[in-house]
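Biologist: Before we discuss particular assignments, may I ask that each be set against its criterion?

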Amino acid sequence: MLIAGFPAGAWGTNCYLVAPAAGEECVIIDPGHRAAAGVEETLKKHRLKPVAVVLTHGHIDHVASVVPVCGAHDVPAWIHPEDRYMMSDPEKALGRAIGMPLMGELTVGEPDDVQELTDGARLSLAGMEFGVAHAPGHTKGSVTFRMPENPEIPPVLFSGDLLFAGSVGRTDLPGGDHAELLESLARVCLPLDDSTVVLSGHGPQTTIGRERATNPFLTGLTGADAPRRGM
């Protein structure tokens, strides 16, 4: 299994390319602000051919490069229907008034082929299986992607902005809901095995076991002073 990730753009959003091995087809997760160049470099380095882009949610720091990446490789983008509008209307998703500048170099809009994610779906892409869990709280359409354990790697959770190392996603933007986020953490994350590797939308990787033991949001503390990342 090959998982190559890099932080991109003004918000340091993690973009991941996932493939069975070098030289094979791959899936791109969350190509955000200024991620297109890093995507192309990673594809070339590992001789990968993308077959799809999948999105943990619709905030601009996670989707800003969807149009150029999908267009360059003629692949679909997968997103939950409740966040789909954010690709074309990022200001609304951030609570900005229409017409306010939003990093003017961005090209917003949908790629030619958009597919919608559903809770409990199992995506078979590039010879791999991704389990989809709807996990609202950061946004209404936030999802996680889980890859089951195999002989090469432990189970992996791409958590987007639901769960970070030591913290969780913010809930003060339109569509955010702290109670909903806590419910998603309990339903989606807590049942997972401690060995599950968490690859989040921002910051370093962690494990479910580490977060279960130390993350104040998972240990039952209020976590009011914990740092929060992401848009």
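This is a predicted model: local features need pLDDT of at least 70, side-chain atom pairs count only at pLDDT 80 or more; totals for chains, interfaces and linings use all residues.

Modeller: Residues are numbered from 1 along each chain as its sequence is written, and side-chain values use heavy atoms, with hydrogens and water left out.

Biologist: Why is threonine 13 called buried?

Modeller: Buried means under 20% relative accessible area, exposed over 50%, and partly exposed in between (1.4 Å probe, protein chains only). Threonine 13 has 2% relative accessibility and therefore counts as buried. Threonine 13 belongs to strand β2, residues 13-19; strands (E, at least two residues) and helices (H or I, at least four) are DSSP runs numbered from the N terminus.

Biologist: Which residues does threonine 13 contact, leaving aside its neighbours within four places in sequence?

Modeller: Contact means heavy atoms within 4.5 Å. With those neighbours left aside, the partners of threonine 13 include Phe6, Asp61, His62 and His202.

Biologist: Why is glutamate 180 called partly exposed?

Modeller: The relative accessibility of glutamate 180 is 25%, so this residue falls in the partly exposed class. Glutamate 180 is placed in helix α5, residues 178-189.

Biologist: What joins the side chains of glutamate 180 and lysine 140?

Modeller: A polar contact is a pair of N or O atoms within 3.5 Å; within protein, one must be able to donate a hydrogen and the other to accept it, and residues adjacent in sequence count only if both atoms are side-chain atoms. The side chains of glutamate 180 and lysine 140 are joined by such a contact at 3.1 Å.

Biologist: How do you know that β7 and β8 pair, and in which sense do they run?

Modeller: Two strands pair if DSSP finds at least two bridges between them. Four bridges join β7 (residues 122-125) to β8, and the two run antiparallel. Strand β8 also pairs with β9 (residues 143-147), again over four bridges in the antiparallel sense. Glycine 131 in β8 stands opposite arginine 122 and also opposite arginine 146 in β9.

Biologist: Is arginine 34 buried or exposed?

Modeller: Arginine 34 has a relative accessible area of 59% and is therefore exposed. Its phi is also positive, near 55°.
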